[in-house]
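Good morning, and thank you for coming. Please look at the structure on the screen as I speak.

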Amino acid sequence: MSYQQPSTSVPTFPAATVLGYPRIGPRRELKRAVESFWAGRATVPELGAVARELRTGTRTRLAGLGLGEDASIPSDFTFYDQVLSVAAHVGAIPDRFADLRGPGGALDLPGLFTVARGEGDRAPLEMTKWFDSNYHYLVPEIGPETEFRLVETPSVKAFAEGLSDGVVTRPVIVGPVTFLLLSKPSASAPEGFSPLSRLDDLLAAYTDWLRAFAEAGATWVQLDEPALVSDAWAETPAQVSDAVGRAYRALSVDLARPERPALFVAAPYATIGERFADLAQTGVEAIGVDLVRGQAPAIDGAVRAALAGRTIVAGVVDGHNVWRTDLDAAAAKLDRLREAVGPEVNVAVSTSTSLIHVPHTTADEPDLEERLRSWLAFADEKVGEVLALAAGPGAAPEAFTRSREVAADRAAAPGVVVPSVRDRTAALTDADFHRGDYDTRVAAQDAVLDLPPLPTTTIGSFPQTSELRVARASLRKGEITIDAYEEAMRAEIARVISLQEDLGLDVLVHGEPERNDMVQYFAENLDGFAVTQNGWVQSYGSRCTRPSILWGDVSRPAPITVGWSTYAASRTDRPVKGMLTGPVTILAWSFVRDDQPLADTANQVALALRDEIADLETAGIPVVQVDEPALRELLPLRRADQQAYLDWSVASFRLATAGAADATQIHTHLCYSEFGEVIGAIDGLDADVTSIEAARSKMEILPDISGSGFARGIGPGVYDIHSPRVPSTAEITDLLTAALASVGERKLWVNPDCGLKTRGYPETVSSLEHLVAATRTVRERLGAPVQG
Ligand code: MET
Ligand SMILES: [Zn+2]
């Protein structure tokens with residue numbers, strides 16, 4: 001295979017592209033291959049062959065869909081995560097994994113997976129959410145000791161592989177500024193150390209990386225810099241601005257073409273703002289902006305002059321949601337941008353983000369109602385949209401006509417606007433968002449519940465055994481009747497209730513055996529939602545979720561959880577806690593309609609939950625938990641947008657719960673993130689009891705909680721449910737002692753970090769035994785009755 005040596009004249013950026021494409025495979029082939037490798041059922045070469053087939057399949061599919069120009073097909077494959085992939089390329093692997101590295105410093109594939117997943121008491125890299133998406137990346141650990149050196153180049157090999165198949169792809173890698181801003185200080189770093197202080201050293205490795213791409217024949221490389229659109233950093237905007245300037249001058253000016261490919265720096269997920277001008281002042285050849293979630297950058301004379309001969313890649317097709325694009329509106333955005341930048345600047349069309357956030361194709365959804373399906377665009381359909389927009393209404397009239405037809409059809413379809421739902425939200429008043437005052441509630445609840453100090457409870461789910469999964473699958477396939485299925489669930493509930501009684505827990509749960517997923521379960525039981533068959537999106541590593549599609553006005557045709565909760569309550573004299581998923585989390589983990597404000601959709605969901613709580617109350621359930629683990633996740637990346645979000649998200653939770661009687665104890669549960677930033681909002685939820693993930697971070701949340709004057713019940717998780725490790729009684733006693741000092745005995749609840757559904761029974765039972773024993777020890781010290 002021969003290719004042209006890069007010349008010094010800048011190659012043209014393709015007129016249409018996508019920022020990235022799903023990596024997991026249309027039928028989750030990568031997930032299956034990776035997991036069978038982990039299980040010892042496949043070898044490294046076998047896994048490599050599946051990966052190669054997937055990469056080839058993606059290139060062929062995208063070329064078939066029309067991304068024919070050089071560099072328009074992204075090459076973004078990774079076995080686990082794109083941030084981990086950078087760490088592996090540049091050798092930034094924590095010391096505890098040093099023995100896994102080969103003589104040249106590279107990790108082999110098993111080594112890479114060990115860093116991602118841990119091994120024995122070697123903890124994996126921490127995992128956290130990627131910007132405002134439900135994708136999780138691995139957090140690099142960077143210190144003064146980290147050596148940055150290009151030690152391996154699977155990304156370059158993947159490019160070369162495409163080239164040998166006759167396709168000039170565009171490699172996609174996470175950029176250096178984002179990589180460092182997403183990193184945390186290594187264990188040995190001094191107090192206050194900032195990974196960004198290592199930028200210059202990291203740039204040396206990127207320089208070699210870009211050279212390697214150029215040598216392999218790459219014309220364009222995409223560097224993803226979503227950190228530029230976020231205000232979430234400890235660094236000031238001035239420091240980030242300085243880092244951007246330094247990084248991209250080093251990579252585009254100090255390293256000159258043809259030593260490197262042309263550089264496309266993409267800043268997806270929100271408004272790029274002033275970082276656009278920073279990039280324009282460097283030598284990068286193309287800049288990508290998100291015009292779906294974000295606003296167009298300000299273009300003044302200086303920026304315009306600096307940009308002459310270069311490309312703005314306009315993300316006008318939503319990479320993060322599943323609706324067909326309003327092509328007229330997107331074309332108008334493109335026109336406005338072209339006008340602002342003038343004829344000297346090239347404008348190319350793209351998706352707003354990588355398409356890893358959406359499923360492969362609507363063609364794979366034969367069971368989806370045809371009318372709904374016609375409104376949707378998954379990854380492949382979005383490729384058609386960027387191509388139509390690049391061609392324009394003159395050259396692609398059918399696509400534009402179809403887009404108008406779809407918009408009209410969607411607006412008029414039954415179920416999209418349901419008058420009874422609208423009447424109800426329109427009639428809401430301030431009072432619907434407020435409960436009675438807290439002291440009155442406490443008195444009423446104490447009279448009903450009669451709980452000991454430091455009450456013990458769990459977060460809701462108990463281990464999902466294979467029997468439960470088999471029962472659900474058999475029901476779906478019609479192998480067992482609904483009666484037999486419900487009987488199996490009741491048997492499980494009865495078992496879980498008696499287990500909790502034996503353990504000595506105070507507030508019991510039914511264990512959620514009937515739920516495949518805490519959001520999908522509600523989506524399946526509410527009007528206004530649809531679920532997909534193959535609509536998987538990568539959540540982390542080999543894990544995928546299948547978000548539901550919230551397409552219409554939401555209402556509750558019938559009670560959802562009441563039967564299960566009342567059955568549980570019938571098996572015990574202790575209080576049973578009803579278990580619901582909150583409006584914000586239901587929105588965050590679904591694909592949500594884009595034709596009305598999220599706040600309005602959230603209130604519709606909230607009213608459905610409010611009715612469910614009323615029915616639970618009528619059935620005699622004294623405690624109801626409304627889970628909001630995603631509260632932090634939807635927080636806008638730009639500080640200026642955050643208050644409006646917090647206002648509507650908190651309001652929707654309150655709308656869901658404020659109909660409860662004073663005597664009904666409302667709990668909420670949060671996990672997955674650092675909550676310090678939204679502690680005020682958590683207080684604003686006005687729940688009687690809040691359980692919050694805390695064990696993994698060694699209760700670091702406690703000072704925030706006590707500092708914020710949080711006055712109601714609080715259950716900082718005392719053990720991490722993400723690992724099978726059983727915490728000792730002494731360890732839990734210590735955590736409880738710390739928590740007690742911080743929040744006081746009248747407020748403290750005792751619970752694990754999160755639900756137990758991913759755990760096995762042996763470790764669950766031992767851990768809960770220790771939790772109860774530790775609580776009794778601490779109660780004894782308080783001079784309280786030990787028996788709960
Ligand atoms: C991710 S939060 C999970 C809460 C849910 N009630 C459970 O226990 O599984
Ligand atoms: Zn949780």
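How are helix 22 and helix 23 oriented to each other, roughly parallel or roughly perpendicular? Before I reply, please note that this is a predicted model.

Let me recall a general point. Two packed helices are described by two quantities, the angle between their axes and the distance between those axes. Helix 22 covers residues 598-618 and helix 23 covers residues 642-657. They pack at an angle of about 20°, and their axes are 7 Å apart. An angle under 35 degrees counts as roughly parallel, and helix 22 and helix 23 are therefore roughly parallel to each other. The crossing of helix 22 with helix 23 is right-handed.

Which residues make this contact? On the side of helix 22 they include Leu 598, Ala 602, Leu 609, Arg 610 and Ile 613. On the side of helix 23, among them are Trp 648, Ser 652 and Leu 655. By class, this contact of helix 22 with helix 23 has ten nonpolar, four polar and one charged residues.

I turn now to a second pair. Helix 5, residues 154-164, packs with helix 7, residues 199-216, at an angle of about 15°. Their axes lie 10 Å apart. Helix 5 is therefore roughly parallel to helix 7, and the crossing of these two helices is right-handed. From helix 5, Val 156, Phe 159 and Ala 160 meet Ala 212, Phe 213 and Ala 216 of helix 7. The contact of helix 5 with helix 7 consists of six nonpolar residues, with no polar and no charged ones.

Leu 327, Ala 330, Ala 331 and Leu 334 in helix 11 meet Glu 385, Ala 388 and Leu 389 in helix 13. In the contact of helix 11 with helix 13 there are six nonpolar residues, no polar residues and one charged residue.

Next, the backbone. Most residues other than glycine have a negative phi, and most peptide bonds are trans. With that in mind, please find Arg 257 and Pro 258, which are joined by a cis peptide bond with omega of about 5°. Pro 258 sits in the loop between helix 8 (237-254) and strand 8 (262-267). Please find also Asp 450, a residue other than glycine whose phi is positive, near 50°. Asp 450 belongs to the loop between helix 16 (438-449) and helix 17 (466-476).

I close with an annotation. An unreviewed UniProt entry places the feature "domain: Cobalamin-independent methionine synthase MetE N-terminal" at residues 16-340. In this model, that span of residues 16-340 is 40% helix and 12% strand, and its end C-alpha atoms lie 20 Å apart.

Definitions and conventions. Residues numbered from 1 in each chain as written. Chains lettered and ligands numbered in written order. Predicted model: local features only at pLDDT ≥ 70, side-chain atom pairs only at ≥ 80, totals over all residues. UniProt positions renumbered as here; feature names shortened; annotations may be inferred. Helix = DSSP H or I, 4+ residues; strand = E, 2+ residues; numbered from the N terminus. Axes fitted to C-alpha atoms, helices over the stretch in contact; angles between N-to-C directions. Parallel < 35°, antiparallel > 145°, perpendicular 65-115°, else oblique. Left-handed = near helix turned anticlockwise from the far one by under 90°. Contact = placed C-beta atoms within 7 Å. Nonpolar A, V, L, I, M, F, W, Y, C, P; charged D, E, K, R; others polar.
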